[in-house]
Amino acid sequence: MAILYPTAEEAGLTCAIVTAAAKVRDLNCKYLAEGKGAAVTAHFGPDGFTLCDPNRAGEGANKVFQKIYEKAI
C-alpha cells in the first residue's frame, strides 16, 4: 500500500518553505509599491532559514539577514 500523506517531518519542511516564501512575497510587494526593487530572498541551509533583505543594509547585518528558523528542518 502506498503512503499518500506526508510524514510530520516532510510536512514541517513544507510549512517552513511556505512561511519563508510568504515573508519574501510580502516584503517584495511592499518594496515594489515603494518603487524599490524586489530583492528579498530566503536562504535555506544547515544553519536554518534566513531572510535576506538588502533594502535594510543601512540598519546593519542583523536586519539584512534575519533568521526565520534557527536550525535545519
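The model is predicted: local features need pLDDT of at least 70, side-chain atom pairs count only at pLDDT 80 or more, and totals for chains, interfaces and linings use all residues. Residues are numbered from 1 along each chain as its sequence is written, and side-chain values use heavy atoms, with hydrogens and water left out.

Start with confidence. pLDDT is the predictor's confidence in each residue, from 0 to 100. The protein chain averages 89, and 96% of the residues score at least 70. Mean confidence is lowest in β3, at 87, and highest in helix α2 (residues 61–64), at 94.

Next, the layout. The protein chain holds 2 helices and 3 strands. Both are DSSP runs numbered from the N terminus: helices are H or I with at least four residues, strands are E with at least two. Along the sequence the pattern reads α-β-β-α-β. The radius of gyration is 15 Å, well over the 11 Å that the globule rule gives for 73 residues, so the protein chain is more spread out than a compact globule. That radius is taken over C-alpha atoms, and the rule is 2.2 Å times the number of residues to the power 0.38. The C-alpha trace spans about 55 × 25 × 10 Å along its principal axes.

Now the sheet. Its 3 strands form an open sheet in the order β1-β2-β3, with antiparallel pairing. Two strands pair if DSSP finds at least two bridges between them. β1 and β3 stand at the edges with a single partner strand each, so one side of each is left without a neighbour in the sheet. The twist averages 30 degrees from one strand to the next. Helix α1 (residues 8–33) packs on this sheet and touches β1, β2 and β3. Its direction makes about 5 degrees with that of β2. Contact means heavy atoms within 4.5 Å. Axes are lines fitted to C-alpha atoms, for helices over the stretch in contact, and angles run from 0 to 180 degrees between N-to-C directions.

Across the protein chain, 19% of the 73 residues count as buried. Strand β1 (residues 41–45) joins β2 through 5 bridges. The two form a hairpin with 2 residues between them. Thr41 stands opposite Cys52, and Ala42 opposite Leu51. On the β3 side (residues 65–69), 4 bridges join the strands. There Phe49 stands opposite Tyr69.

Technical notes. Buried means under 20% relative accessible area, exposed over 50%, partly exposed in between (1.4 Å probe, protein chains only).
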